[in-house]
Amino acid sequence: MAKRIQIEQNGGPEVLQWAEVALAEPKAGEVRVKNHAVGVNFIDIYFRDGLYKAPAMPTSLGTEGAGVVDAIGEGVTGFKVGDRVAYAQGPLGAYSQYHVLPANKLVSLPEQIDFDSAAAMMLKGLTCQYLLRQTAPLKAGDVVLFHAAAGGVGTFACQWAKALGVKLIGTVSTAEKAALAKANGAWEVINYSTENVVERVKELTGGAMCDVVYDSVGKDTWLTSLDCLKPRGLMVSFGNSSGPVEGVNLAILNQKGSLFVTRPSLNGYADTPERLQAMAKDLFDVVQSGQVQIHIGQRFPLEDAAKAHIALAGRQTTGSTVLVP
Ligand SMILES: NC(=O)c1ccc[n+]([C@@H]2O[C@H](COP(=O)([O-])OP(=O)(O)OC[C@H]3O[C@@H](n4cnc5c(N)ncnc54)[C@H](OP(=O)(O)O)[C@@H]3O)[C@@H](O)[C@H]2O)c1
């Protein structure tokens, strides 16, 4: 038997249950991982509240974790029992003591990276990898706006942008978060609770505005974000923390300067085992170089996942959040 967090229906944090289930056996091509640390991400909230639909109920949540291979299914090559591994994709169910997932969603964890750091970095760090290194071909001197710069993905973005020589303007909601984003390498920070973002971006860029805007806040920031772009700039809308962007009239992209827009996802970039491995190598390299450090802002016992969800949705977290099984 094993313990996991599961839901039987969509709803608020109160639908998260601490349940005991039979230990699942890996099928052909699958691996069972004994989780040592589990990552918390905003997408877990979308699956809990029903914005994204889980394939079946009851279901556990979570797609990010790190641990040790505990059992392997038929035909699995490249991994053996006892290997240290980490993952950021695959079926829902990382909020568990044991998680069964396809072997081709795993990466080997370098000895120097501990389990907590791995669980804190896989989904957010790989997201940052594709956002800064693939979605936009950023080069030194480019100016980007990155919303929620003290959050999980934002903390990676501030540091990685600095390493690339990119001038990242981060937005945050409090003075404490502003200080954190600045300490992590943001070129400038705007408090979007108290300042006019478009006016501040105009000032900071001498009127030139941004090459790229990375917007994971969604509904609340969409229009402001478009107004912060240069003509023909790129709008990367990659999340819904304040709710999804809906009902967009494409003509707005013309009116605001022949803009480009994309709505990417990690699964759309790490869509083959080869691409996943290459992206993970790039992430591990930048972390092991010391240019990007892992910030775990808060830890909770796995059974207290509801507290983690309340904190994340309530804008009370900074950096990554880790659940300890
Ligand atoms: N497309 C992808 O591949 C992908 C992958 C990973 C994550 N994401 C998205 O990236 C975003 C960040 O994920 P994360 O897990 O690292 O979370 P996070 O950034 O640590 O937390 C979300 C942050 O968004 C800001 N925010 C603004 N309005 C908010 C609202 N109404 N409710 C809650 N938060 C609000 C808050 O920062 P302030 O208090 O500073 O405003 C909050 O701390 C999420 O939208 C997530 O869905 C997308």
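Helix α1 (42-49) buries I43, D44, I45, F47 and R48. Buried means that 20 or more other C-beta atoms, placed from the backbone, lie within 10 Å of the residue's own. This is a predicted model: local features need pLDDT of at least 70, side-chain atom pairs count only at pLDDT 80 or more, and totals for chains, interfaces and linings use all residues. Residues are numbered from 1 along each chain as its sequence is written.

**Helix α1**
- Its buried residues pack against β1, β3 (30-40) and α10; contact requires C-beta atoms, placed from the backbone, within 7 Å.
- Just after α1, G50 takes a positive phi of about 100 degrees.
- Helices (H or I, at least four residues) and strands (E, at least two) are DSSP runs, numbered from the N terminus.

**Ligand shell**
- The shell holds 30 residues, and G151, G152, S173, S216 and G239 come nearest to the ligand; near means a C-beta atom, placed from the backbone, within 6 Å.
- Helices α1, α2 (115-135), α3 (152-164) and α10 (305-313) each supply at least two shell residues.
- Domain 1 (2-121 + 270-324) and domain 2 (140-263) both contribute to the shell, so the ligand lies between them. Domain bounds come from an automatic or database domain assignment.

**Open sheet**
- Three strands form an open sheet in the order β2-β1-β4, with antiparallel pairing.
- β2 (17-21) and β4 (59-60) are the edge strands, each pairing on one side only.
- β1 (residues 2-7) pairs with β2 over five bridges; pairing requires at least two DSSP bridges between two strands.
- I5 stands opposite W18 in β2.

Technical notes: A residue is buried if 20 or more other C-beta atoms lie within 10 Å of its own, exposed if 12 or fewer, and partly exposed in between; C-beta atoms are placed from the backbone. Two residues are in contact if their C-beta atoms, placed from the backbone, lie within 7 Å.
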